[in-house]
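Biologist: I would like to learn how to read a model like this one. Please take me through it one feature at a time.

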Amino acid sequence: MKKIFFSTLCAMLALASTSHAETINWARAGDSLTLDPHAQNEGPTHTLAHQIYETLIMRDMTGAQVPNLATDWAPSADNPNVWTFKLREGVTFHDGSEFDSEDVVFSFERAMMPNSDMKELLSSVKEVRANGKYGFEIETNGPNPVLPANLNDIFIMDKGWTEANNTVEVQDFEGGEETHASRNANGTGPYILTERVPDAKTVLEANPNYWGIGTFPLHVTKVNYTPIKNAATRVAALLSGEVDFIQDVPVQDLGRVDGDPNLKVLNAPQNRVIFFGMNVGGDDLVSDNVEGANPLADKRVREAMNIAVNRDAIRQIVMRGQSIPAGVINPPFVNGYTDALDRIPAYDIDKAKSLMAEAGYGDGFTITLNCPNDRYINDEAICQAAVGMFAQIGITVNLDARPKAQHFPLIRNWETDFYLLGWGVPTYDSEYIFNFLVHTKTDQRGSWNGTRYSNSALDAKIVSLGSETNLAARNATIAEIWEEVQDEILYLPIHFQVLNWGMGNRVETLVAPNDRAVFKYMELK
Amino acid sequence: MTGHLYRIWDSDLCWSFRQSPVAMVSACISIALVLCAILAPLIAPYNPFDPSTLNLMNGFSRPMEPNAFTGETFLLGTDDQGRDMFSTILYGMRISLFVGFMAVIFAMVLGVLLGLVAAYAGGRTDAIIMRIADVQLTFPAILVAILIFGIAKGFTPVHLRDQMAIWVLILSIGLSDWVQFARVARGAALVEIQKEYVEAAILIGRRPEIIIFRHILPNVVSPILVIATISLALAIILEATLSFLGVGAPPTQPSLGTLIRIGQSFFFSGEWWILFFPAVTLLMLALSVNLLGDWLRDALNPKLDD
Amino acid sequence: MLSYVLRRASQSVLVLLAVGLVAFSMFRFVGDPVENLLGQERTDADIERLREQLGLDDPFPIQYWEFLSRAAQGDLGISFRQGRLVADIFIERLPATLELAFVSAAFALLFGVLFGIYTSIRRKGILTNVILTGSLIGVSLPTFLIGILLIYIFAVELGWLPSFGRGDVVQVGWWSTGLLTESGLKALILPGLTLGLYQMTLIMRLVRSEMSEVLRQDYIRFARARGLSDRAIYFRHAIKNTLIPVITITGLQLGSIIAFAIITETVFQWPGVGLLFIDSVQFVDIPVMAAYLMMISVMFVVINFIVDMLYLAIDPRLRDGKTSFS
């Protein structure tokens, strides 16, 4: 009896001390929008989902694709339209039920439902099917060589749990539906959801039956997640030790956080490029003072603007060194990026002025720049700095900075002549950029192309990328398209963002280029 | 009209002013600040509103210390865009004061007019006006301003938006503030209307607008003046608060409030001057106006003088 | 008498309808909620489908009518951002705001009355000048700046108090309270102070002027002439007559405290309805914004109505219905 009591006490003490030492208080600006993993395709939502649910393939902290619930995948030898996957055995969901191919088929079909926000990523999929208990196949409408790149955020749910809780349909998020799956979670992931008050508090605890025990560090046993919107408050909470880990340290506070003996800042380039878009295809601009002509349609004007942007000054002063000046709107992680493309245009005011004069705008012109003020790192300050730089070559820029909810419709509805935009590439492939930003605006493609640029030859090349199975030929086409985009000076690239994660000294983690913290990789000293 | 003005500035008030060192000091500070704002283009060494004169590399210069890149020295340092703080504060104060004065004048004209009409007309007109005032009071100033700002931005053509911001601010702060003018004007007018001279004026058939403006208005001037002074301080602070919430003056033409909003994000990082100087200026401005308002209230309300 | 009550009540309803109309019409200009709901990969067809689904393409009067008829049944709609019933979100968030509002109102009342009495009795003292000037400095700085300064001093530099949130809360039925835990109480101090400062100054000034007024009344002079002690005069006679208007004003101010909590909640990441509102404005979460404005107006109209009825009970002259309250 005494012995049992003693050992219990020891166990309890051990438990108490470890659980105390391994709790991470995590804060970032925004909260997850819903727990239903297929209802919203959005950063913070998926970051939380990745702790609880798992995907077949995922990106690790370096951005490389690694096996997760699938241990192996390859195009089928018999049919070029089929990808085959081998699933991990011996995995259980948090409620104890077993994971197999039935769950994967169910989850993919669920992710392709009309209410799903993930369905665009699976738009090329014709059918998904099980091949035995641990085999899975995806058949696409035509060959799709880059399909696995689209699967990093397709989460696997338990078919039985979903059916038992009447939540087979994806939550109709926009219709305001609340379902069992939007308030509860049952994944295979390393952490189990134990408490959640949206926008206020979310608690995760380590999954004792996780398949990856022994494979991953799994030092963190409990995660308290609080969204803190106000940047100053977020930094104050880190400085005062109330939180251990924040994902978005404002660049101006890096010194203060890094200078604190108990804290450190880790950074890494983010998979996101920031650039200006211009109305190059319109006959006349609404916001300018030039009647009957579009100065931005003149390539010399665009070139002048491109070399009038002092990217290095923006990096040093506005971004405090926390950005990588860009010469192309393609982040370095992405297939199709080359150093040659990313040559930074040399800052040259005199040449810019003579180009302006050559184009007939020696006296400059007036234009409005639309800028978001709550979307990208220091977005408003970047635009403000640009106003000063364009003023040097005679372009008077009126700045109109607004929240993203008002900014993005301007681009969508072609109501802006000159705008700031940022672009992340979740598939890590150039095709994604071309589809949204370069292709002529149509119902299927070019929805974020606010430039009014339209080039049918280029469009045809972009469309061909979707079904080209010869990777060498495909990459050659990508290079041709980039050549054309760069030659036209379709966009004015500014920089690639750098992520800055602030944390207590005991935390060891890499900074993922997609701004996604994955706690199973985190180590604690 | 000179007679009425003289009545406002009669010897009692002047005497009270001479007796109050606080009033004199705050009046001096207020006047000095207002002069600085008006004369900003003459006093300021730079024009921070002209983007072509800015050099981004001057950004974050410390006060009185040469910049590491450009070697230039600025009295109060520079902000994140390389703007000279001293000049920017002067120009910013200009905008703050302009917004404040215009908003208060707008609220005052609207409020006093409606209040007098309500008091004089009475009955249904009175009820309707005061019910509208209730609706207005339902929305606290800050909400009214956010709403109007949102609506007006929607109506303004894209290329005019940044110039419109100031007028939208004036409209929204003014609209959130007219009710107290209306209530005070109405209250004071109700008292006046019952006096014999007004009854006499009505009896001899004077036109209503003449009665209102010639006889009633001068009698509500002093409480209105007190409210106007305090409203000015409130309007300046409200503008700052709206800027904090991101619906204030544009960053390319910053008011004191916008400067404080910009500065507060550099508070933890050690660039204290970007927040400190605009905040102190705002404090001096609002405090001196508030103190003046206080003194004015006490001076115009002789009951409080023991 | 009854007709007066009925008329006031119907006027209140009209006020609410007007507020609803204003609230609703402005949302069309705040931005497009569709933009936030769809990800980077959205197509124009998605946008059209969603606009239709949310009823955003209906004519404005129809949208308003639908909103009103549902609101009358207690259905405030569904948050675009959280995808949950607005009523549920409010029930979850309201306790935080109400606790903060009551704590700051209590703080404002206590210190406002104390300082007000002191400064009216010692009209020329040094401490009086310190209090008056200090409170003026307090109202001459924007609330958000005071909040940030307090965080900097007490949370970052001294580490005495938390910089954000409510601390640990205890669930009492559906009400979550921070008043029962140490961390909850500590978390209330800074935001309560920030929010209450302005109201405290207001109350202090009111008490001061009311008290000065009362002290000049004849009966106080008589009491003094009769040789009553200062203490008896101040506390038995003067304060009693001062408190009625003070309590009325405090009651009326409760609505605006809750509205001003928007800023305090933003600075301190206080999970109440004010923070919810600001988040909703940025996200263009129309149902939440509409519900918030309706909540504020209902609160204000109800408080106004109660005050009116109290005056009616106290002052029979009002019963002819000629004079409106002010």
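Biologist: What should I know before I start?

Modeller: This is a predicted model, in which local features need pLDDT of at least 70 and side-chain atom pairs count only at pLDDT 80 or more, while totals for chains, interfaces and linings use all residues. Residues are numbered from 1 along each chain as its sequence is written, chains are lettered from A and ligands numbered from 1 in the order in which they are written, and side-chain values use heavy atoms, with hydrogens and water left out.

Biologist: How many helices and strands does chain B have?

Modeller: Helices (H or I, at least four residues) and strands (E, at least two) are DSSP runs, numbered from the N terminus. Chain B has 13 helices and 0 strands.

Biologist: What share of chain B is buried?

Modeller: Buried means under 20% relative accessible area, exposed means over 50%, and partly exposed lies in between (1.4 Å probe, protein chains only). Of the 306 residues in chain B, 56% are buried. Chain B exposes about 12900 Å², and carbon and sulfur atoms supply 68% of that area. Accessible areas come from the Shrake-Rupley method with a 1.4 Å probe, and for residues only the protein chains shown count as cover.

Biologist: Which residues form a nonpolar patch on the surface?

Modeller: Patches are made of residues with over 30% relative accessible area and no salt bridge; like charges are joined within 9 Å, and nonpolar side chains (Val, Leu, Ile, Met, Phe, Trp, Tyr) within 5 Å. Here the patch consists of I31(B), L35(B), I38(B), L39(B), L42(B) and I43(B), with about 590 Å² of accessible area together. The most come from α3(B), with 3 residues.

Biologist: Why can residues three or four places apart point the same way?

Modeller: An α-helix has 3.6 residues a turn, so residues at that spacing point the same way.

Biologist: Where is L39(B)?

Modeller: L39(B) sits in the loop between α3 and α4 of chain B. Its relative accessible area is 35%, so L39(B) is partly exposed.

Biologist: How many salt bridges does the structure hold?

Modeller: A salt bridge is a side-chain nitrogen of Lys or Arg within 4 Å of a carboxyl oxygen of Asp or Glu. The structure holds 33 of them over all chains. One joins the side chains of D153(A) and R516(A), at 2.8 Å from N to O. D153(A) is in the loop between β8 (135-140) and β9 (155-156) of chain A, and R516(A) is in the loop between β20 (507-508) and β21 (523-524), 363 residues apart. Both D153(A) and R516(A) are buried.

Biologist: Which residue forms a salt bridge with R302(A)?

Modeller: The partner is E488(A), with the closest N and O atoms 3.2 Å apart. R302(A) lies in helix α8 (residues 299-308) of chain A and E488(A) in helix α15 (residues 471-488), so the pair ties together parts that are 186 residues apart in sequence. R302(A) counts as buried because its relative accessibility is 2%, whereas E488(A), at 22%, counts as partly exposed.

Biologist: How do I read the contact between chain B and chain C?

Modeller: Contact means heavy atoms within 4.5 Å. It takes 40 residues from chain B and 41 residues from chain C. Buried area is the accessible area (1.4 Å probe) that two parts lose on being put together, summed over both. Between chain B and chain C it is about 4000 Å², of which carbon and sulfur atoms give 75%. There is 1 salt bridge between these chains; the side chains of R205(C) and D294(B) meet in a salt bridge at 2.6 Å, N to O. The largest share of the side of chain B that touches chain C, 10 residues, comes from α13(B).

Biologist: What area is buried between chain A and chain C?

Modeller: About 4100 Å² is buried there, and carbon and sulfur atoms give 48% of it. The contact takes 50 residues from chain A and 47 residues from chain C. The salt bridges between chain A and chain C number 2. R93(C) forms a salt bridge with D199(A), the closest N and O atoms being 3.3 Å apart. On the side of chain A that touches chain C, the largest share, 6 residues, comes from α12(A).
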